Amino acid sequence: GGSLTKLAYYSTVQHKVARVRSFDHSGKDIENEPLYEISVQEEITARLHFIKFENTYIETCLDFIKDHLVNTETKVIKATGGGAYKFKDLIEKKLGLKVDKEDVMTCLIKGCNFVLRNIPHEVFAYQKDSDTEFRFQTNHPNIFPYLLVNIGSGVSIVKVETEDKFEWIGGSSIGGGTFWGLGALLTKTKKFDELLQLASKGQHTNVDMLVKDVYGGAYQTLGLSGNLIASSFGKSATADKEFSKEDMAKSLLHMISNDIGQLACLHAKLHNLNKIYFGGFFIRGHPVTMRTITYSINFFSKGEVQALFLRHEGYLGAIGAFLKGAEQDNPNQYSWGENYAGSSGLMSTSPDVYPMQRTRSGTFDMLEMDRLERPLVNLPLLKDPSTYIPDTVDLTDDAMARKYWLTCFEEALDGVAKRAAASQPDSIDALERAEKFRQKYWNKLQTLRQQPFAYGTLTVRSLLDTREHCLNEFNFPDPYSKVKQKENGIALKCFQSVIESLDSLGWEERQFALVKGLLAGNVFDWGAKAVSDVLESEPQFGFEEAKSKLQERPWLEDSYSQWLERLKEGPPHKCALIFADNSGIDIILGVFPFVRELLSRGTEVILACNSGPALNDVTYSESLIVTERIAAMDPVIQSALREEKLLLVQTGSSSPCLDLSRLDKGLAVLVRERKTDLVIIEGMGRAIHTNYYAALKCESLKLAVIKNSWLADRLGGKIFSVIFKYEVPCK
């Protein structure tokens, strides 16, 4: 590009993963044996990296490429943008490679499609005067069509209809270069960032002629406000005085932004488009230009169209050029996830936050994307995927909640680091790695205190996911593996007696006991401090003790009577999808008896567990072993497995929360095939922090025990209050 070199490269990352495998118990006394063995293995995964260098440091960038990225097989390097011409000879000479130049616009659009598809909080609207400057948008499942307005030296307006179909529909020679060039002539300031700095301090009304300067007030007949600009620089023709550089820069900024805004709006109307993304060096995260463009679009569209910006806008061309070069192993056939541990956030330009960042206002310096092993899609049962928001509370918006949760995660950090180190007693560097993890996550939390919008909308889910990413980076793939192994073993020993006592009850009494068992199981959550304190200090704390902790009915959210009525009066459900939460007592003594009852009613069951570890949540591979062991004791489960009426699947997630818009494709296919008509979501992370307000096309049960006193208070209850939410969609 004109001032920055953006580099995209692919690498394979070796990291540790925890694997579980059933022991061969033939002919052995298995009474005191662990349930399964845990091994830590090396796994190789793919990662995309994106880094920025200033063009003044192009040599450093080329050294980096030469030292780290070029091997004997490399013959060609893909390049796009003005610098692909300017630095072509230097690149070829220094790296000994052929530069393959790619079309700028094709790359830009390929890159844009990639980030829109893979980064949930990529798009934001800018609102200067609200508490949260950045308003992140939910990704619409269908990203097309949209208008891309690229404001570089000039302006290009492109209509994008599909992955490969786009057309240039207009533009203007009055763009970023005009602002820079005219600004330099007017203020003698040669640097673009300094010009914007001047504009941010200026008062355009000293230079511009307003409607009220012409008509003495508002122009009522045409409905024009008195403060509207009637003529840019209008006062300078008649006033006999010097104008400040700041005022002239501000006036110029408004003039060019308003012109671009009107042009973009007219094209959007002409082509019936309501999504306009702005990019190019004129934008590049600068609050001043985002504000003027936003105002202009809002004014000319009468509020019908919103100006939208992209967090990683500066990288689009580089991502596109990379995708062009990787077409044999097309990255678009995979799903990708942002790695929060290795990505720097969207920088705030407020001077008190980052005094050193002023000159690099709004740049995003590093981005890492990890390739997910399986493609992720929407849950087909979402009522409206385009309006689905997984998270219940937006911490970017809610300052009090933000302060509480950031403090909560800070206070838990020492315990998490200690648990991580203790999970690898045979490793000589475990303590050192745990300390590096602690430091890294602590720094992330401090960044988020200052810039809550750094990674998109800040939520409890994003705080939990960032912690998991940081643990993985320092090779702690599953700190709770031993805890889960032990708790699964203990719970299995109690399974038969729990089933016997349930079977001895009358039908109605049994339904309540099953729900109570589900809720009691959900108490066993090592992620909740109130519970982990009890579990560490009282090892004998078990299923019956958990039941006694539960709030008595009526519960905080209580539609149990409607659920019971539905079971009594309605036909059996065709198929239930259950999202399980914790290992041990939760899944074995809470979920499985419930599953067994559904199967006995003639309902098929899809049991969905996490693909990878997070806290003490049960993983898919652990659930296979647990189910096999239960089937050996229970004929109902055994025949359901044999007849494929009970199916175990993975969610595609490694999070303690649940995003129903990013689920394993295999799960989605199964949900459709089996005509699922009941969804059960259990646990605080999946049913309260996320999905509390999620609307589905079918019946749903959301149930959890609130194990955090602040959250309980927020919802109007006490700790161990119960949420039992049975929802039926409106016909």
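**Notes on the predicted model**

1. At a relative accessibility of 46%, Glu644 counts as partly exposed (buried is under 20% relative accessible area, exposed is over 50%, and partly exposed is in between, with a 1.4 Å probe and protein chains only). Glu644 isn't a glycine, yet its phi is positive, at about 60 degrees. Glu644 sits in the loop between α21 (635-642) and β20; helices (H or I, at least four residues) and strands (E, at least two) are DSSP runs, numbered from the N terminus.

2. A word on the basis. This is a predicted model, in which local features need pLDDT of at least 70 and side-chain atom pairs count only at pLDDT 80 or more, while totals for chains, interfaces and linings use all residues. Residues are numbered from 1 along each chain as its sequence is written, and side-chain values use heavy atoms, with hydrogens and water left out.

3. Phe233 is another non-glycine residue with a positive phi, about 60 degrees. Phe233 belongs to the loop between β11 (229-231) and α8 (245-270). Is Phe233 buried or exposed? Phe233 counts as buried, at 18% relative accessibility.

4. Two cis peptide bonds are worth a look while you're checking the backbone. The bond from Phe144 to Pro145 is cis, with omega near -15 degrees, and Pro145 lies in the loop between β6 (134-136) and β7 (146-151). The bond from Arg553 to Pro554 is also cis, with omega near -5 degrees; Pro554 is in the loop between α17 (543-549) and β17.

5. On to the open sheet: seven strands in the order β17-β24-β23-β22-β18-β19-β20, with mixed pairing (two strands pair if DSSP finds at least two bridges between them). β17 (557-558) and β20 (646-650) are at the edges with a single partner strand each, so one side of each has no neighbour in the sheet. β18 (575-579) and β22 (678-682) run parallel, paired over four bridges, and Ala576 stands opposite Leu678 in β22.

6. At the β17 end, β17 pairs with β24 in the parallel sense over two bridges, with Asp558 opposite Phe724 in β24. β23 and β24 run antiparallel and are joined by six bridges; here Leu701 faces Tyr726 in β24. How many of the six residues of β24 are buried? Five of them are, so β24 is largely enclosed by the rest of the structure.

7. Which strands of the sheet does helix α15 (507-521) touch? α15 packs on the sheet against β22, β23 (699-705) and β24 (722-727), and its direction makes about 55 degrees with that of β23. α19 packs on the sheet too, touching β18, β19 (604-609), β20, β22 and β23, with its direction about 155 degrees from that of β19. For these angles, axes are lines fitted to C-alpha atoms, for helices over the stretch in contact, and angles run from 0 to 180 degrees between N-to-C directions. Contact means heavy atoms within 4.5 Å.

8. The largest nonpolar core has 62 residues, of which Trp563 and Phe724 touch the most other members. A core here is a set of buried Ala, Val, Leu, Ile, Met, Phe, Trp, Tyr and Cys residues joined through side-chain atoms within 4.5 Å. Helix α19 (585-600) gives the most to this core, ten residues. At least three residues come from each of domain 1 (4-119 + 316-373) and domain 3 (480-727); the domain bounds come from an automatic or database assignment.

9. Leaving aside neighbours within four places in sequence, Trp563 is in contact with Val515, His573, Phe594, Leu678, Leu701, Phe724 and Tyr726. Apart from this core lies another, of 42 residues, including Phe243, Leu252, Ala264 and Phe278.

10. How many disulfides are there? The count is zero, taking a disulfide as a pair of cysteine sulfur atoms within 2.5 Å. Cys470 is in no disulfide, and the nearest cysteine sulfur, in Cys657, is 16 Å away; Cys470 is buried, at 0% relative accessible area. For Cys730, the closest cysteine sulfur is that of Cys698, 13 Å away and too far for a bond. Cys730 is exposed, at 66%.

11. Last, Gln262 in helix α8: it's partly exposed, at 35% relative accessibility. Not counting residues up to four places away in sequence, Gln262 touches Ser296 and Phe300. Gln262 and Leu658 are 41 Å apart in space, C-alpha to C-alpha, and 396 residues apart in sequence.
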